[in-house]
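Hi everyone, thanks for coming. Please have a look at the sequence and the structure on the screen, and then I'll walk you through them.

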Amino acid sequence: MAKHPVLVLGPLMPYLLEELERRYAVERLYEEKDALGFLQQNAARFRAAVTSTFTGLKADMIDLLPAVEIVSSFGVGTDSLDVAYANKKGIKVANTPDVLNEDTANMAIALLLATTRDIVANDRFVREGRWARGETPPLAQGIEGKKVGLVGLGRIGSVIAEKLLAFGCDVTYHTRNKKPDVSYNHCADLVAMARDCAVLIAILPGGDATQGIISREVLQALGSKGTFINIARGSVVDEVALVELLQSGGLGRAGLDVFADEPRAPEALFALDNVVLQPHMGSATVETREAMADRVVSNLENYFGAK
Ligand code: 8YV
């Protein structure tokens with residue numbers, strides 16, 4: 001049987017491209033010099049496309065794919081995908097949930113420990129010879145017994161909560177609606193929760209509904225001894241306020257894996273010792289990225305298998 005043509009909209013990890021090529025007649029839109037011309041000539045051939053949270057799927061691209069029935073996306077987040085518009089046009093959009101829960105939760109824990117224990121600043125302290133010269137770094141902060149507030153308690157948030165229990169943290173969470181099946185304390189007022197917590201961890205979806213939800217007021221309530229961890233999306237926090245408060249000491253520490261304008265992180269953060277920065281690495285382990293890739297493929301296979 002001839003292989004189904006599959007249009008890849010943006011760059012993907014080599015493992016995923018190989019797995020796709022094994023099964024489908026893959027064509028790479030992002031390598032076309034004249035992508036629009038290519039689509040005008042060829043779009044009618046593709047019933048399936050592959051994208052990622054990084055490449056996204058905007059309404060104007062959907063309009064250029066008249067024969068596509070399924071878009072399989074690498075990543076769990078759908079904030080860069082216009083799912084509502086795709087669905088309206090009869091296109092199914094599939095993502096890669098669950099397989100990245102553990103590693104993304106581990107990134108939250110890694111940032112929490114790295115940030116509160118000043119791991120990166122103290123690494124620099126040793127390398128710069130300051131320890132050898134007799135200097136003493138300031139004391140760090142412990143997390144045992146501390147109240148940690150999760151902003152969001154979805155699939156990844158729930159895994160973070162379980163891991164926090166092992167560190168002796170007191171877990172509380174903020175979501176629009178209280179979850180019926182969890183025992184953690186629910187806090188409807190995010191500012192009040194921040195005031196009460198030593199640490200706030202953002203793990204909620206991006207998009208219009210959550211834009212700027214971690215406001216200046218929330219960060220101020222977390223305060224000069226507080227730690228903010230973001231493994232969600234840069235869009236969920238007022239980044240200008242975040243930078244200002246970290247510079248002034250109005251907020252104690254931050255561990256940030258995501259930013260408003262990736263791949264750029266605010267340069268003002270680079271000089272700060274109270275901040276640990278990561279280039280959006282939450283799901284970026286070999287194991288998890290391969291599992292995500294397998295999911296992209298199985299989403300297509302299930303679709304074509306069911307047809
Ligand atoms: C990305 C992510 O998938 O899944 C998500 O929503 O943010 C990441 O795991 C990754 O950066 C690839 O686009």
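Let's start at histidine 280, which counts as partly exposed because 19 C-beta neighbours lie inside 10 Å. On that scale, 20 or more other C-beta atoms within 10 Å of a residue's own make it buried, 12 or fewer make it exposed, and partly exposed is in between, with C-beta atoms placed from the backbone. Before I go on, please keep in mind that this is a predicted model, where local features need pLDDT of at least 70, side-chain atom pairs count only at pLDDT 80 or more, and totals for chains, interfaces and linings use all residues. Residues are numbered from 1 along each chain as its sequence is written.

Back to histidine 280: its phi is positive, about 50 degrees, although it is not a glycine. Most residues other than glycine have a negative phi, and most peptide bonds are trans. You'll find histidine 280 in the loop between E12 and H11. Those labels are DSSP runs numbered from the N terminus: helices are H or I with at least four residues, and strands are E with at least two.

What surrounds the ligand? His280 is part of that shell, together with Ser52, Thr53, Phe54, Phe74, Gly75, Val76, Gly77, Leu100, Gly282 and Ser283. By class, the shell has four nonpolar, seven polar and no charged residues. Ala, Val, Leu, Ile, Met, Phe, Trp, Tyr, Cys and Pro count as nonpolar, Asp, Glu, Lys and Arg as charged, and the others, Gly among them, as polar.

Aspartate 98 sits in the loop between E5 and helix H5 (101–116), and is partly exposed, with 13 other C-beta atoms within 10 Å. Then there is a cis peptide bond between glutamate 262 and proline 263, with omega about 10 degrees. Proline 263 belongs to the loop between strand E11 (253–256) and strand E12 (275–277).

Now for the sheet. Five strands form an open sheet in the order E2-E1-E3-E4-E5, with parallel pairing; two strands pair if DSSP finds at least two bridges between them. Strand E2 (25–28) and strand E5 (92–94) are at the edges with a single partner strand each, so one side of each has no neighbour in the sheet. Strand E1 (residues 5–8) is joined to E2 by four bridges, and arginine 28 in E2 is the bridge partner of valine 8.

Two helices lie across this sheet. Helix H11 (residues 286–306) lies across E1, E3, E4 and E5, at about 170 degrees to E4. Angles run from 0 to 180 degrees between N-to-C directions, with axes fitted to C-alpha atoms, for helices over the stretch in contact.

Finally, let's zoom out. The protein chain comes to eleven helices and twelve strands, and 40% of its 307 residues count as buried. The domain assignment, which is automatic or from a database, gives domain 1 (5–97 + 286–306) and domain 2 (101–277). Their centres, taken over C-alpha atoms, are separated by 33 Å. Four residues from domain 1 and six residues from domain 2 make the contact, where contact means C-beta atoms, placed from the backbone, within 7 Å.

Note on methods:
Near = placed C-beta within 6 Å.
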